Amino acid sequence: DGYYENYVRRITQRDKRESLRYFEELLKGYSTRAQIPSYGIVPEDKRSPEDELKLIIPKDITDSFVRLCVEEKATVSNGVELVWGLVLQTYSHTKDAVFAKIVSGRDKSEQDMGRVTGLFINSVPVRVSIDQEVTARQMLVRLQQQATATNEHDYCPLAEVQQVSELGSELLQTVIAFQNYGSGAESTGDT
């Protein structure tokens with residue numbers, strides 16, 4: 001089929017310097033390590049089911065969340081990124097957080113790249129900054145715009161993206177992966 005070969009050719013013809021400039025601008029001035037504090041690793045023999053937290057969010061709340069995303073022309077993934085950024089800001093005592101998100105690397109292809117799953121997976125930085133004048137809705141719109149802009153550069157190797165940031169390899173402390181598929185929870189009224 002030549003899908004892989006054609007896609008690789010297109011990637012190698014792109015201007016990686018332009019993509020690195022995009023990420024450099026996105027990350028400009030960011031010098032905080034946004035992270036969840038670690039209290040050490042619990043040894044295997046000391047772990048119990050009580051150590052795990054499973055949260056089921058009621059359907060009415062998830063419906064409201066999805067409605068908000070739709071109203072702002074954002075994706076649910078953008079909404080989850082906003083929430084994760086706010087969690088990181090809270091734990092890191094900052095108003096600026098960067099984390100990595102996993103991307104398929106196939107979203108903007110002209111061809112049916114679904115047949116070549118996994119080969120183009122990459123991680124890209126997401127930056128969530130807040131200031132006193134910005135509402136959550138406005139932040140959601142900004143994240144959607146950032147995601148659209150980042151899609152044009154998501155082929156760029158993460159190691160090279162980190163090199164153009166002030167923190168280098170310390171830039172990303174957490175990773176988020178958002179997958180679109182049913183959870184099976186629809187029948188219980190919770191998602």
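What you see is a predicted model, where local features need pLDDT of at least 70, side-chain atom pairs count only at pLDDT 80 or more, and totals for chains, interfaces and linings use all residues. Residues are numbered from 1 along each chain as its sequence is written, and side-chain values use heavy atoms, with hydrogens and water left out.

Helices and strands here are DSSP runs numbered from the N terminus (helices are H or I with at least four residues, strands are E with at least two). Lys73 has a phi near 55°, a positive value in a residue other than glycine. Lys73 is also exposed, at a relative accessible area of 69%. By exposed I mean over 50% relative accessible area, by buried under 20%, and by partly exposed in between, with a 1.4 Å probe and protein chains only.

His93 is another one to click on. Its loop runs between H4 and S1, its phi is near 55°, again positive in a residue other than glycine, and His93 is exposed with a relative accessible area of 73%.

Under 35 degrees counts as roughly parallel, over 145 as roughly antiparallel, 65 to 115 as roughly perpendicular, and the rest as oblique. On the H3 side, Phe65, Val66 and Cys69 meet Val76, Gly79, Val80 and Val83 of H4.

Which residues of H5 are buried? They are Met139, Leu140, Leu143, Gln146, Ala147 and Thr150. These cover an arc of only 120° around the axis, so they sit on the same side of H5. The arc is that of the directions from the helix axis to the C-beta atoms. The buried residues pack against helices H2, H3 and H4 and strands S1 and S2, where contact means heavy atoms within 4.5 Å.

Let's zoom in on two of them. Met139 has 6% relative accessibility, so Met139 counts as buried. Not counting residues up to four places away in sequence, Met139 touches Leu82, Leu86, Val128, Ser129, Ile130 and Val134. Its C-alpha is 9.7 Å from that of Asn78, 61 residues apart along the chain.

Gln146 counts as buried at 14%. A polar atom of the Gln146 side chain lies 2.9 Å from the backbone oxygen of Arg127.

Gln146 also brings us to H2. The axes of H2 and H5 come within 10 Å and cross at roughly 155°, which makes H2 roughly antiparallel to H5. Tyr22, Phe23 and Leu26 of H2 make the contact with Gln146, Ala149 and Thr150 of H5.

One last stop: Ala100, in strand S1, is buried at 2% relative accessibility. Ala100 and Ile176 are 76 residues apart in sequence, yet 6.2 Å apart in space, C-alpha to C-alpha. Thanks, everyone!

Key: A polar contact is a pair of N or O atoms within 3.5 Å; within protein, one must be able to donate a hydrogen and the other to accept it, and residues adjacent in sequence count only if both atoms are side-chain atoms. Axes are lines fitted to C-alpha atoms, for helices over the stretch in contact, and angles run from 0 to 180 degrees between N-to-C directions.
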